[in-house]
Amino acid sequence: MTEIIVEYRVGTAKVTITKDAEGSFQYIVREQEVEDVRKEIRKNIEVIIMGSEGSGNDMYSLVKTAIRLLKMRKKRKLPEANVAYAFRKELKYKKLQVLIDDPHVEDISIVGPGNVWVRHSYIVSRNPQADYIKTNIVLKDMFEFLEYMNLFAEKAGKLISRATPIIDANLPESDGGHRIHLVHPDIADGKGEIVIRKKKSSTLVRVKELVSNGMLTRDIVLLLQDIIMKRGSILIVGPPGSGKTTLLRAILYDLIPRDWKVAIIEDTPEIDPPQGSCWVRYVTPMYRITNGGSIEFDQMTLTKAALRSSVNRFIVIGETRGAEARVLVQAMNMGMGGLTTFHGGSAEEAIMRLTSPPINLTAQQVAMFNLIVTLNYVVENGLRRAVVAIDEPIYDKDEDSVVLNNIYEYGENATYDILLSRLQKISGVNLSKSAVNLYAKVNKARR
Ligand SMILES: Nc1ncnc2c1ncn2[C@@H]1O[C@H](COP(=O)(O)OP(=O)(O)O)[C@@H](O)[C@H]1O
Ligand SMILES: [Mg+2]
């Protein structure tokens, strides 16, 4: 029996992910109407090219003329949205456009003719053992495969040939700036390979946008603002791709005053300090640098350096993986605010891992965080990412363990005042007015 795992829309296309009896997932795109329109556009383009004897027309005007022709001939009116998407597909990545546009598709892999495979963030987040899943998009023969290989090379401004059989390049920024890896069939077992590693989009960074697309409520924003203004600390937890870095960035840019001195520590640079701010960012070097052969510049060393620089008021670790967590806790102890993300399916799981090797935080140290914000995928009107829980870790002296005080649960409509009243550690000093004003001010200034 085939089970439907999730369904959502990408542009005019409908995407369904299914799981069959053997446990294999499949990514199914349904966009017959748009594809039909695109095929007709294609046909017309050929007619136009034949008719004008290799005219100097650029692709854009060719497609436009082809659509005009198509509309003239059609009796039935074509839905404008379908025509628009077909237009875009024809100009850009054709059959693969949906995969390029789907924010849940992380990588696309094509090996010779046949089905196209993808790595899907939702499936990977729920099934750590799942990797690539098959799509119903098929490149039917070698001819079509080579057409796509050349298309990607061309879009990246390269030429793939026997002389340059391997290409690593980027698509134009306007197409998402994704990384492409092409291997000519000559050196790939006669099949050839096309891999598109999608660049995570970094445009969606405003708190306001995250509120309007349902990741969190405005009242949660006010609560987070409150904690930040009191120089508290927040731990963002979630599976890969659930939006941890996105939320962290939004909090940083929209909720932290620009005149606070902030130090950002990262392994892979994802969080640019805003222009004109006095924030500093340390990134661990790709190669091994040692200081006289002893110190390695990992996140831990960099966090220690940020801690020594007493001017910092707020320390951000892009993604906590190891012992740097202990330094962050030390910073919190010294009265600095802290913000970081941590991989995990729930607050409980995160606490388990934070208190086990190699991180080994004590229960008391974990309880220094003011809030644990848990993100995950939610299936509701499609597939979204959302704050599914907010908890306050409390130290239980008798048990020497951490107890979670639940502040917010997904789906409830709690106001800021209610959320605030549930906090046990930060006294209920009513900051609501100043927090509301600041949020309004910050947003106005950025608009
Ligand atoms: N609320 C959201 N709405 C739409 N796209 C989102 C949202 N949050 C994150 N994304 C996108 O999902 C991808 C993964 O997000 P990221 O923050 O890097 O996840 P994580 O840090 O949890 O691995 C990015 O491409 C990002 O732009
Ligand atoms: Mg991340």
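# Close-up views of a predicted protein model

The protein has 15 helices and 19 strands; these are DSSP runs numbered from the N terminus, with helices (H or I) of at least four residues and strands (E) of at least two. This is a predicted model, in which local features need pLDDT of at least 70 and side-chain atom pairs count only at pLDDT 80 or more, while totals for chains, interfaces and linings use all residues. Residues are numbered from 1 along each chain as its sequence is written, chains are lettered from A and ligands numbered from 1 in the order in which they are written, and side-chain values use heavy atoms, with hydrogens and water left out.

Figure 1. The C-alpha trace spans about 80 × 55 × 50 Å along its principal axes. Of the 447 residues, 48% count as buried; buried means under 20% relative accessible area, exposed over 50%, and partly exposed in between, with a 1.4 Å probe and protein chains only. The accessible surface is about 21,900 Å², and carbon and sulfur atoms hold 51% of that area; the areas come from the Shrake-Rupley method with a 1.4 Å probe, and for residues only the protein chains shown count as cover. Among contacts (heavy atoms within 4.5 Å) with a separation of 6 or more, 54% are between residues 24 or more positions apart. The protein carries 61 positive and 54 negative charges, and their mean positions are 6 Å apart. Here Lys and Arg count as positive and Asp and Glu as negative, without His or the chain ends, and each charge is placed at NZ of Lys, CZ of Arg, CG of Asp or CD of Glu.

**Figure 2. K95 and its polar partners.** K95 sits in the loop between α3 (80–91) and α4 (97–101). With a relative accessible area of 19%, K95 is buried. Its side chain makes a polar contact of 2.8 Å with the side chain of E144; such a contact is a pair of N or O atoms within 3.5 Å, where one atom must be able to donate a hydrogen and the other to accept it, and residues adjacent in sequence count only if both atoms are side-chain atoms. A polar atom of the K95 side chain also lies 2.7 Å from the backbone oxygen of V138. Leaving out residues up to four places away in sequence, K95 touches E35, R38, I137, V138, L139, E144 and Y148.

Figure 3. E144 and Y148, both touched by K95, are among the buried residues of α6, along with F145, M149, L151, F152 and A153. Just after α6, G157 takes a positive phi of about 75°.

**Figure 4. Helix α8 and the residue that follows.** Nine of the 12 residues of α8 are buried, leaving the helix mostly covered. The buried residues are I220, V221, L222, L223, L224, Q225, D226, I227 and I228. R231 follows α8 and lies in the loop between α8 and β10 (233–238). Although R231 is not a glycine, its phi is positive, at about 50°. R231 is partly exposed, with a relative accessible area of 30%.

**Figure 5. L375 in strand β17.** L375 belongs to strand β17 (residues 371–379) and counts as buried, at 0% relative accessibility. Beyond residues up to four places away in sequence, the contacts of L375 include M215, I236, V237, G238, P239 and L247, and also A386, V387 and V388. For a sense of distance, L375 and I166 are 39 Å apart in space, C-alpha to C-alpha, and 209 residues apart in sequence.

**Figure 6. The loop between α12 and α13.** A cis peptide bond joins P357 and P358, with omega about 0°. P358 lies in the loop between α12 (347–354) and α13 (363–366), and N360 is also placed between α12 and α13. N360 has a positive phi near 55° although N360 is a residue other than glycine. At a relative accessible area of 39%, N360 is partly exposed.
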